[in-house]
Amino acid sequence: MEHLRSLIRSCCRAGVLEVAITGGEPLIYPEIFSLMDQIRNCRMNVMISTNGMLVTHEIAQKLAALGVMETRVSFEGCREVNDGIRGNGTYDRALRAIEHLVDTGNRTVCRLTLSRRSEESLDHLFADLQSRNARIVKVSVIKNSGRASDPENADLHGPKGDLACAKRLIEMGQRFGIEVQLSSDDFPVSAEEAKDGKLGISGVQNCGAGTATAYVSPYGEVLPCSSIPQIVFGNIRNDSFMRIWTGSTAMWFRKMAASSNERLICQAPCFRHVAEQICHL
């Protein structure tokens, strides 16, 4: 617990503007509301991603009282697709979470991970979200990480975040009165078209992993991004966040990222070779 509190204080001193809490399922953690309270007291915005299973009306009220900037509820697609990936009944419980969050005045964002399974029947998902008064759906394309990297889930991969796909999603949102936000890392559209509020840094042409953003794993590892688990800048259990963030591994990685022509750094042709080099620094 003290490692997390120290991390929050370090982020505050470093001028971090936003802290996004994800999992697993962060609402399982007993001290989650205490940590979010500390983040808010440090004048940083806090966002939380949840599968919705634990979001009761009372929990939604607590999130609203804390001034959480954004509560994100994850979906994999319509009921059949979502339950096939996350388990039976998870879709309806996530929809109930949306209801509780909207009713208590939380800024609620439905996070859709676009996969080969979810491409079909998205109109059913949008209709269900519309009926729960959801107003925003943020779409990203599935990455080869987490459970998606398991061989048994190989069929999830395939959809392309191209212009045609972006157009279909935007038009679907217009049909249901839902604002569709597209991950600017995944879709080749302008910031205005994407409606992606992700912070950017002038002159950075890639996703900003390891430059504008960092990921801290449940084990204390500081990574440029959760999609690049092979590259570890350091561990907050052994060193301060700022020393890690300004250390030799982080600086080496940024040089590599600056020379990459890929929007997603992890997809650069030289990534695997460079990752192996960094891991031995």
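Analyst: Let us begin with M1, which sits in the segment before α1 (2–14). Helices (H or I, at least four residues) and strands (E, at least two) are DSSP runs, numbered from the N terminus. This is a predicted model, where local features need pLDDT of at least 70, side-chain atom pairs count only at pLDDT 80 or more, and totals for chains, interfaces and linings use all residues. Residues are numbered from 1 along each chain as its sequence is written, and side-chain values use heavy atoms, with hydrogens and water left out.

User: Why is M1 called partly exposed?

Analyst: The relative accessible area of M1 is 36%. Buried means under 20%, exposed over 50%, and partly exposed in between (1.4 Å probe, protein chains only). M1 is therefore partly exposed.

User: Why does R43 count as exposed?

Analyst: R43 has 77% relative accessibility, so R43 counts as exposed. R43 lies in the loop between α2 and β2 (45–50). Its phi is positive, about 65°, although R43 is not a glycine.

User: What makes N133 partly exposed?

Analyst: A relative accessible area of 42% does, so N133 is called partly exposed. N133 is in the loop between α6 (122–131) and β5 (136–141). Phi of N133 is also positive, near 65°, and N133 is a residue other than glycine.

User: Why do β7 and β9 stand at the edges?

Analyst: The open sheet has 3 strands in the order β7-β8-β9, with antiparallel pairing. β7 (215–216) and β9 (234–235) each have a single partner strand, so one side of each is left without a neighbour in the sheet.

User: How do you know that β8 pairs with β9?

Analyst: Two strands pair if DSSP finds at least two bridges between them. Strand β8 (residues 221–223) is joined to β9 by 2 bridges, so the pair qualifies. V222 stands opposite G234 in β9.

User: Which residues of α4 are buried, and what do they pack against?

Analyst: In α4 (residues 79–86), V81, N82, D83 and I85 are buried. The buried residues of α4 pack against β3 (70–75) and α5 (90–103). Contact means heavy atoms within 4.5 Å.
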